[in-house]
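Here is a short note for someone opening this structure for the first time. Please keep the sequence and the 3D view at hand while reading.

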Amino acid sequence: MEQSGMRNMTEGSPARHIFFFALPMFLGSLLQQLYNMVDSWVVGNYVGDAALAAVGIGFPVIFMFTSLFTGMANGGTVVISQFYGAGKMDRVRDAVDTVYTTFVVSAIPLTLLALMLVKPLLSLLQVDPAAYDEAWLYLMIVCGGLVGTIGYNTNAGILQGLGNSRTPLLFLAVAAVMNIVLDLALVLIFHWGVMGVAVATIFSQAFSWIFGVFYINRVYPQIGIHPFCFRFDRQLFADVMRIGLPAGVQMAMVSVGMMMVMGKVNTYGKAFTAGYNVGNKLDAVAFLPVQSLSNAVTAYVGQNIGAGASEGRVHQGIRVTVAMGVGWCLAMLALLMPFRSELVGFFSPSAEVVSAGAVYLKSILPFYPLFAVMFCLNNAMRGAGESMFPLICVVFSLILVRVPAVYLLAEHAGREMMFYGFGVGWAVGFAVSVIYYLAGRWKRHGSLAS
């Protein structure tokens, strides 16, 4: 079943495979969120509300810039998983080289583009003048180090396609420890403020990427990474982009939606923005297991379709994933709702910050199960090669429905009610995803490895 950390999910219990494949990804994402939360805790308690708002403002911007490469990594995961499921390791090798060549050629132009867009995006976000300078400084530094984040995601996408979710956890553990140590040193000892948090982020992520390349080449020579080999297969690139580009655009659209919401949030001042950002980070941590399960089912569906497994086995894995995701969301609703104010208060002593963060969590938590179903089904269908529907679903539900709902509620019911617009968007996305999944059109793509 497993060799050198690689997991063959074409035989055995689907629930066991998905759970144990998702577990390391969850722990890795938890570490990633942990050092993001350490950033917020350090600046919120030792720098101020403006710095806390600045770090939060930076998140959707950075997410948008990295989305296209994260999507490419997702496309690589699907292509590699299908070749691995079919036992075609020579094509796996070709796919790895193609993905890395694309990354190396594109990383620097994307970094330069990100740096040029920082000021226009901050203007678009209507950032409070009190937080503007720190937000600009934070984004310029982190955008300058995007290559580390992109490189880590590329490494992780390759390994996850081979059923290996444990090794990326090691890479993230290295980054998390380094980031926390540098955060504390640069902010508390050297008093660099937001600049210290940003420098800690880019150094830890770059080290994690480079460490990952050396580790993979040493431990998994059969998929060794040679960044400058420039071996490129046009057909494989087309397959990766067909699946990965819509996924990347989808994630970029999610970040655009987040920035549009934040543009409205920012009009209520830096304390409200800081509270929303803290609530958003707690929300992200609570939803991590669902994201990990969704990524696991992408690889599961890809491997089984590549191996020509029965349709029943594919559906069984999807049903198990949805059930686990919904179960987790119900548990989070029961656990987090009573303690939302105390959790937000951990990041800031400000009563206004705590109130805003608690309102956000109260508004979104009841709708978690709907979002979980949407998330799991979209990722499962992507594993089968269906790349356009998840993009359409996200753009429709999270931008065309959610953003206007947030603005309308803010204008007509007040800022305390605006976050219920998230639930409106998720409910629409849930309905559309379930209908499309049951219609079965996503099955028409077949295996790339045939």
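1. A residue is called buried when its relative accessible area is under 20%, exposed when over 50%, and partly exposed in between. The model is predicted. Cys143 has a relative accessible area of 0%, so Cys143 is buried. Cys229 reaches 30% and is therefore partly exposed.

2. How many disulfides are found in the whole structure? The search gives 0. A disulfide is a covalent bond between the sulfur atoms of two cysteines.

3. Two packed helices are described by the angle between their axes and the distance between the axes. Helix H2 spans residues 49-85, and helix H5 spans residues 146-161. They pack at an angle of about 20°, and their axes lie 7 Å apart. Because angles under 35 degrees count as roughly parallel, H2 is roughly parallel to H5. The crossing of H2 and H5 is right-handed.

4. Which residues make this contact? On the H2 side they include Ile62, Phe65, Phe69, Ala73 and Tyr84. On the H5 side they include Leu146, Ile150, Asn153, Gly157 and Gly161. The residues of the contact of H2 with H5 divide into 9 nonpolar, 10 polar and no charged.

5. Look next at Asn295, in helix H9 (residues 270-306). Is Asn295 buried or partly exposed? Its relative accessibility is 30%, so Asn295 counts as partly exposed. Leaving aside residues up to four places away in sequence, Asn295 touches Phe21, Met25 and Asn379. Between Asn295 and Thr101 there are 24 Å in space, C-alpha to C-alpha, and the two are 194 residues apart in sequence.

Terms used. Residues are numbered from 1 along each chain as its sequence is written. This is a predicted model: local features need pLDDT of at least 70, side-chain atom pairs count only at pLDDT 80 or more; totals for chains, interfaces and linings use all residues. Side-chain values use heavy atoms; hydrogens and water are left out. A disulfide is a pair of cysteine sulfur atoms within 2.5 Å. Buried means under 20% relative accessible area, exposed over 50%, partly exposed in between (1.4 Å probe, protein chains only). Axes are lines fitted to C-alpha atoms, for helices over the stretch in contact, and angles run from 0 to 180 degrees between N-to-C directions. Helices (H or I, at least four residues) and strands (E, at least two) are DSSP runs, numbered from the N terminus. Angles under 35 degrees count as roughly parallel, over 145 as roughly antiparallel, 65 to 115 as roughly perpendicular and the rest as oblique. A crossing is left-handed if the near helix is turned anticlockwise from the far one by less than a right angle, and right-handed if clockwise. Contact means heavy atoms within 4.5 Å. Ala, Val, Leu, Ile, Met, Phe, Trp, Tyr, Cys and Pro count as nonpolar, Asp, Glu, Lys and Arg as charged, and the others, Gly among them, as polar.
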